[in-house]
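Hi,

Here is the structure I promised to pass on. Have a look at it, and then read my notes below.

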Amino acid sequence: MSNSASQGRDAPHFGSTSQIVGRRLDVEQVRHALTNSRLVSLVGPGGIGKTRLACEVAYRSRAQFPDGVWFFRLEDLGAGAEASDVEAALVEALGIPDQSNADPALKLSGFLSGRRSLLVVDNCEHVLSAVQQVLTSLMSAVPDLRVLATSREALSVEGEVLRPVRPLDVPSPGTPAEQLVTDPSVMLLTQRAQSAKPGFSVDETNSELVIELCRLLEGIPLSIELAAYKLRALGVEDVLERFGRRLSALTRTAGAVPGSRHQSLGAMVEWSYDLCSPSSQLLWRRLSVFVGSFDLQLAEMVCAFDGSDEDDVLDTIDRLVGQSILMVEEGNRPARLRYRLLAPLREVAVRLANDAGETATLKRRHRDAMMLRATRAMEDWCGPHQGATIAAMRLDHSNYIAAIQWSVRTEGEARKGLQLAAALRYHWLTSSLAEGRKRIEVLLADVDGVTPERADCIVIVIWTCLLQGDHAAAESWLEELESLARLLGTEPVAAYAKQLQALSTLFEGKPDEAGDAFRVAAELHCLSGDRFMELTAKYMLAVALVSDGQPEAALDVCAATLAGSQQTDEQSARGYALWIAGVAHWRLGQYEEAERVAREALELQRSLDDGICVALTTQLMAWIAFDCDELRRAGLLHRAAEQVWKSLATSLKAFGPQLAAFAADRFGRLDSSPNPPMQPRSPYDARRRAIELALGGPATEGMVPNGSNGAQALTRRELEVARLVERGLSNRRIAEELFIAKRTADGHLERILAKLGFTSRAQVAAWLAKQHAGALQTELAARG
């Protein structure tokens, strides 16, 4: 399962992982509806539990959707987002590499076609029109797709089945205390209260008060959770008295009928706000500026001003988490948590920030914070943390987009938006190629002028066009870049123009011309101090030399590139330099050395996850195997590389006719084979399979106990636990994922280790990776 807030991996993070209460019948009814209907919408007011119910249904329905269950948070999009924004965000949520210039709708339908998948689309109400357009088109194009949506109102899409999500049952007055343990509202209140105040219980002394409180709360889960926190410092009678007074006052002020639906949530949220200290109130409303999740550092950068410093932010976040105002999510590193305001609480905070006259200041500070984070990532790019930087930027994607959009829509801020888009160069090129091109081209149309940031943005657009095979557009933009280089008179812009012109020439099949230009570009980058682009120009020069029949010269350039990369512990350019060095060794007939450096390149991709480098290197290993007469392995590797290219919506042909000819000479007839390879569940799955297939020989030999493949000895639950271990989850996270106690997860892992004869989690992960690769080889061998 995947989540847009995660990193495009099979790892859901669906907010609260506590056991769902009082929804067993709802879960089964929604699951049944999904078997008969292609679109089921859970509708109800905010705070009613739609998201939690959808997550539970999705989790329990995994077996019915073997090709994936995908979760997508629409609340991460701003109000008024268009259909194209929803499509682009879905592309990211599904983990579809954003490489090609194809319409996002075609990417979505192409990826989902032929798959039995479930798409969970959460919080549709603020972008209803856009969702209607996207789902109507997508469901028409993909007949096997099922969609589970949550919204405060119907989507009005043909074939939609509505499932209203109602409040939890509340107890009747006079219900005996011993019977309250089965009442959903009381169960939820008790569970949450015990988290805040261990030892809390419902008995004869407080049962009537608890009944009255649950009835006032109307069975709305978010209201109950907020009320439960109050029991840490107040008795049930105190909470009941104060909340009752506030609810009565709110009803009189609003002119509503007492007990009308959702009055209790509004009253409870406002009471929660009023009970907060001034510093907590201040931070609560300021945090509303974030779209999606954020980390402590961002909160400090944006919210620590005029009455609040960084220490205040840290202490207050801790209090807001304890009050169930902020939800905690895991970030890209275990040591860095991320936080999120639930939609109903964020709505209140947005209104309060606006009433306080802080909205414009918060938006500007938010944009400046995102600018600073992106700039630092750009400055530190040529170093050892590229993989972590890519992952962090993916987590911040929604906030980057919100900051750019605010800049574009705010008078006098558009140039800053252009600067931010330019600073996100490596985010666009590694994670959101097509979206980056689209957004930057819109910015360039709105913001003209002879400026460095315009040149920087054009560099990204040209690079993207070339990777997408759109040479006509690249040439058009190259003309403007060369003009800007002359007008600005700066070495960096001149270097970019020279390198991108060389890359265009190389991809057009003129490696001899490209080589000279790459040498000039590398020198210019060196003079301007751009170490990473110097290394990039050098490995591109090596590609030109190999394509021009000069593998020995290419190896000299690769050696210099690798030495330069080692000085900074940089990984990205190193991966490509290793790949092209492997190609050069292969062209020289040095197959063992070619295999060695190719393996090293793929090992780097376990953390970098660069799909293009994975595809190129897996393709190289297929050529090596073919020339060593390992024809079955060569076929498997070639097909695995083709799956990666397909997931990237591009092909080897985009990188020049010489490289494409290497493949065609060996596998020209294999593509028409009637036995296609297994279809990966996701683009990430395609890359992972390719890496494990390529490295799964000597690299994983001997990890399974003799005489058994291990899998036969494990129970179904133990296999589930092993897969989560492979994903790197701790026992606590495994317990949360599977809705079991941590001690149960501990016991499962102990039995897995005992059955497999292992002593560490790393051995389990490596063993399971080999099982994946072995299954792929067996399946492909059986098919052809």
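Helices (H or I, at least four residues) and strands (E, at least two) are DSSP runs, numbered from the N terminus.

Two housekeeping points. This is a predicted model, in which local features need pLDDT of at least 70 and side-chain atom pairs count only at pLDDT 80 or more, while totals for chains, interfaces and linings use all residues. Residues are numbered from 1 along each chain as its sequence is written, and side-chain values use heavy atoms, with hydrogens and water left out.

The overall picture: the protein chain has 36 helices and 9 strands. Of its 784 residues, 57% are buried. Contact here means heavy atoms within 4.5 Å. Among contacts with a separation of 6 or more, 73% are between residues 24 or more positions apart.

Back to α11. The buried residues there are S280, Q281, L282, L283, W284, R285 and R286. Take S280, in this helix of residues 278-286: S280 counts as buried because its relative accessibility is 1%. Leaving aside residues up to four places away in sequence, S280 touches T316, R319, L320 and Q323.

W284 turns up again in the largest nonpolar core, as one of the residues with the most contacts inside it. A nonpolar core is a set of buried Ala, Val, Leu, Ile, Met, Phe, Trp, Tyr and Cys residues joined through side-chain atoms within 4.5 Å. This one has 194 residues, and L148, L287 and I462 are also among those with the most contacts. I462 touches A474, W477, L478, L481 and L500, not counting residues up to four places away in sequence. Apart from this core lies another, of 34 residues, including L90, I96, V127 and V157.

Further along is I624, in helix α29 (residues 611-627). I624 is buried, at a relative accessible area of 3%. E592 is 32 residues from I624 along the chain, and their C-alpha atoms are separated by 8.8 Å.

N123 is not a glycine, but has a positive phi of about 65°. N123 sits in the loop between β4 (118-122) and α5 (128-141) and is buried, at 8% relative accessible area. E218, also not a glycine, has a positive phi of about 60°. The loop between α7 (207-216) and α8 (221-230) holds E218, which counts as buried at 12% relative accessibility.

Last, the second largest pocket. On a 1 Å grid over the protein atoms alone, a pocket is an open set of points where a 1.4 Å probe fits, with protein on both sides within 12 Å along at least five of seven lines, and lining residues have an atom within 4 Å of a point. Grid points are joined across faces, edges and corners, and the volume is the space filled by probe spheres set on the points. This pocket holds about 1,000 Å³ of space. It has 49 lining residues, and E75, L77, G78, V291 and R346 are the closest to its centre. The largest share of the lining, 9 residues, comes from α17.

Cheers

Note on methods: Buried means under 20% relative accessible area, exposed over 50%, partly exposed in between (1.4 Å probe, protein chains only).
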